[in-house]
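Visitor: I would like to learn how to read a few features of a protein model. Could you take me through them step by step?

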Amino acid sequence: MEKDWYKKMAFYQIWIRSFYDGNGDGIGDLYGVYEKLPYIKSLGVDGIWFSPLYPSPNADYGYDISDYKNIHPDYGDLEQFQKVLDEAHSLGLKVIMDLVVNHTSDEHPWFLESKKSRDNPYSDYYIWRDGKNGKLPNNWDSLFEGKAWEYCPERDQYYLHIFAKKQPDLNMDNPKVREEVKSIMRFWLDRGVDGFREDVITFISKADNLPDGPPFIPAANGLPFYKDGPHIHEYLAEFRKVCEEYDCFQLGEGPMTSTRSALSYLTGKHKSLDLMFHFDHMFADCIFTEYMQRPFHLRSLKHAFSKWQKALNGRAWNTLYLENHDHPRVISRYGNERYHRASGSMLAVCYLFQQGTPFVYQGQEIGMTNIKLASIDQYVDVSSHNNYHTFHLKDSVEKRMERIHASSRDSARTPMQWDDSKNAGFTTGKPWFYINPNYRKINVAAEEEQPFSILKLYRRCLRYRKNSDVALWGDYKEYDRLSNQLYVYKRTYQQKSLLIVCSFSTHSLKWHNIKEFRGRKGKLVICNYPNPVHGMLKPYEARVYEYKE
Ligand code: GLC
Ligand code: CA
C-alpha cells in the first residue's frame, strides 16, 4: 500500500542544543522541547524532525554518535524522550529521528574495539586499509578535515573518514553492520517514532577497491566513488523492509544529488526512500558550498526550484526547505536583513506554495539571521574551521572572516530567540554558545505582537496549504523565468489555480499579472503587506491569488 500521509504534512526541525533549555544548564534539551510543544503545534506543522539526540562527543554536534540507542545526557534520557514522543503524538504531531549510519563517532564502542586489532569481532566494522608505498591508501579528501584517511598505530592501518577524523565511516559491505543498522531502526520504531531522516545516506556504499579519484571539486576528491555506490540500492532495500513492518516513512539526505539520481531512490524497482533532501536551490549564491561565494542570483534559485518541481511531478514527492542546521540563515542570503520582515515573510511564501512536504527550521519562522563573531576561534563548527583553513588562504583575515560570516553553519545553531529578556529567554543559565545580539528585536514574543510578522505569515501559509487541494496536489508552472526580480508561479488542480508572486526587489515594481489571468479577478488570499496596491509590488512583497475556472 502506498502511504501518503507524509505528503500532506509540514515538519519543524529541531536542533536541540539551541532550541530551549528546560533545566537551566545553558543547553537546550528534551525538557525544553516538552514545554514548547504547544508552540510548535501552533505553527501549523504536523511533525518534528529531531537532529541527533544521541550520546555524542560533539565533534560534529550529534552527527558523531557514540551510542545509537540512548539519549545524550545533556538532553535528557530515554524516559524523557518517551514523554516528549507521547505528548507530541497526543497533539497530532509525528516525530522522525535522524539516522546517521554512514559513520559513527571514533568513541563508539564498535570503533574502540575495531581499532584494537585486525582480528576481533569488530575489526571489519569500519573501512581499514594498508598504506600504499608509505602513502595514504588513496587520494580521497575528507569533506571536513584534510585527507580522508587517518593512521592508527594499533593496527598499523588507516581508517576512512569522509567527514571529520572523529567520524570513521562504517563498512556497510559487512552484513553485521547492516544488522546493527536495522536493530537501531527497530529500537526507535518500537518506541513509536514515525520515520527517519537518513543522514548522507547516498554515501554508504563505497566503490570496490576504493580507486583514486580524478580531481572533481576542490576538497572532494573521491566523491564519485562513494556517492550512489555499487550496492546502495541493495542495502537500502534491506532497511526499507524494516520500515515496511511499521507505519513510518524514510527521508534521505542526498548531497549533490541530481534529479535523475534522486528518482532512482524515490521511484521504480529500487524505491527505497519516500523523500529526498536535495541541494540545488542552496547554491544560488555559492558554488557547491556556501564558503565559495558568488552574488545571489534569483534566476539560479528559480531554475533550481523549477527543475525539481518538474522532474518529480507525478513521479515522486518533493521536499521543500530553505534552512536547516547545515546552512546559514536564508534572510541573510536570499533575502535582505534591511528588509527583514518583508523579505523573511516573502521567502516563506516563495517555497511553501510549491508541491512537496515543507520543512521549517527552528528560528526560520521568526526570521533569525546570521551571527558575525569576531574571530574564527569563536566558531565551533568543524566544517567552518576546515573551510577557513583550506580555501582562499592568501586573502586577508578580514576577507576570510567575511566568508565565515556568510557561510558558517554556526549561524543556524545560535540559541533560539524566544523573547527580549536576558539570553533571549533561551536559558536561565549560561548559554552554551553565543546568542545573536539582535535578539532584542528578533524574537518569538515580538513576532507574536506584530500583526504582519514573519511568524504570523508562516502560520497563515501553513494553515492555508493544509486545507487546499491545489496547494497540496496542484501542478506547477513558472512564469517570467528571465526576470531577475520576480518569482512567479502557478499551481493548478482540477478547476482551481493559485498564482504566487514574489518580489526579490528592494524597490517597488509595476505588476500587471500574467497574460492568461489579465483582466480576471482573482481572490487575494495571502499577502505580506497590510494594504496591497493595485498594479504595484512593494519591496519583497509576496502575494497568493486564487482563481477558479
Ligand atoms: C549531514 C548532516 C551534517 C553532518 C554531516 C555528517 O550532512 O546534516 O550536519 O555534518 O551529514 O554527518
Ligand atoms: Ca539543559
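Guide: Gladly! Strands here are DSSP runs of E with at least two residues, numbered from the N terminus. Keep in mind that this is a predicted model.

Visitor: Where is the place of His281?

Guide: His281 sits in the loop between β9 (275–277) and β10 (286–287).

Visitor: Is His281 buried or exposed?

Guide: Buried means under 20% relative accessible area. His281 has 4% relative accessibility, so it counts as buried. Setting aside neighbours within four places in sequence, His281 touches Leu301, Ala304, Phe305, Tyr321, Leu322 and Tyr334.

Visitor: How do the axes of helix α9 and helix α13 cross?

Guide: Angles under 35 degrees count as roughly parallel. The axes of α9 (residues 340–352) and α13 (residues 454–466) come within 9 Å and cross at roughly 15°, so the two helices are roughly parallel to each other. Their crossing is right-handed. On the α9 side, the residues that meet α13 include Gly344, Ala348 and Leu352; on the α13 side, Leu457, Cys461 and Arg465 are among them. The contact residues divide into 9 nonpolar, 3 polar and 2 charged.

Visitor: Which residues are the protein donors of the calcium ion (ligand 2)?

Guide: They are Asp21 (OD), Asn23 (OD1), Asp25 (OD), Ile27 (O) and Asp29 (OD), at 2.2 to 2.4 Å from the ion. Along the sequence, the donor residues follow the spacing D-x1-N-x1-D-x1-I-x1-D.

Notes:
Residues are numbered from 1 along each chain as its sequence is written. Chains are lettered from A and ligands numbered from 1 in the order in which they are written. This is a predicted model: local features need pLDDT of at least 70, side-chain atom pairs count only at pLDDT 80 or more; totals for chains, interfaces and linings use all residues. Side-chain values use heavy atoms; hydrogens and water are left out. Donors are N, O and S atoms within 2.8 Å of the metal (3.2 Å for Na, K and Ca); water is not among the atoms, so sites may look incomplete. Axes are lines fitted to C-alpha atoms, for helices over the stretch in contact, and angles run from 0 to 180 degrees between N-to-C directions. Helices (H or I, at least four residues) and strands (E, at least two) are DSSP runs, numbered from the N terminus. Angles under 35 degrees count as roughly parallel, over 145 as roughly antiparallel, 65 to 115 as roughly perpendicular and the rest as oblique. A crossing is left-handed if the near helix is turned anticlockwise from the far one by less than a right angle, and right-handed if clockwise. Contact means heavy atoms within 4.5 Å. Ala, Val, Leu, Ile, Met, Phe, Trp, Tyr, Cys and Pro count as nonpolar, Asp, Glu, Lys and Arg as charged, and the others, Gly among them, as polar. Buried means under 20% relative accessible area, exposed over 50%, partly exposed in between (1.4 Å probe, protein chains only).
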